[in-house]
Amino acid sequence: MPSKSRYRTPNLRGRIALVAGATRGGGRGIAIALGEAGATVYCTGRSSRKGKHPPGRPETIEETAELVTAAGGRSIPPCLAV
């Protein structure tokens, strides 16, 4: 019987990551996964609590930063792209 391989989250403590487009979708998922692995994550995006965001899309870059921290990583204050 073949052995079952299991994915192991890498230890990224002490590593820094930059995720562009982290407000929603794949970018948000990547930022959170990096946080789960312990990385320090710089999140960038265009939707902010302080600024505009597309109608019907309530996600903000600040929320993503909070999710990264809640997952176990460290999030640097969000950077907004213009």
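Leu-18 belongs to strand 1 and is exposed, at a relative accessible area of 64% (exposed is over 50%, buried under 20%, partly exposed in between, with a 1.4 Å probe and protein chains only).

**Basis.** I note that this is a predicted model, in which local features need pLDDT of at least 70 and side-chain atom pairs count only at pLDDT 80 or more, while totals for chains, interfaces and linings use all residues. Residues are numbered from 1 along each chain as its sequence is written, and side-chain values use heavy atoms, with hydrogens and water left out.

**Helix 1.** I took helices (H or I, at least four residues) and strands (E, at least two) as DSSP runs numbered from the N terminus. Helix 1, residues 25-36, reaches 17 Å from its first C-alpha to its last, close to the 16 Å expected (1.5 Å times one less than its number of residues). Its buried residues are Gly-27, Arg-28, Ala-31, Leu-34 and Gly-35; they lie on the same side of helix 1 because they cover an arc of only 130° around the axis, the arc being that of the directions from the helix axis to the C-beta atoms. The face turned away from that side carries the exposed Gly-25, Gly-26 and Glu-36. I listed strand 1 (16-19), strand 2 (40-45) and helix 2 (61-70) among what covers the buried residues of helix 1. Just after helix 1, Gly-38 has a positive phi of about 95°.

I found Ile-61, Glu-62, Thr-64, Ala-65 and Val-68 to be the buried residues of helix 2, and their arc of only 160° around the axis puts them on the same side of helix 2. Thr-60, in the loop between strand 2 and helix 2, is buried at a relative accessible area of 4%. Leaving aside neighbours within four places in sequence, Thr-60 is in contact (heavy atoms within 4.5 Å) with Thr-23, Arg-28, Ser-47, Ser-48 and Arg-49. With the same exclusion, Glu-62 is in contact with Ser-47, Ser-48, Arg-49 and Pro-78.
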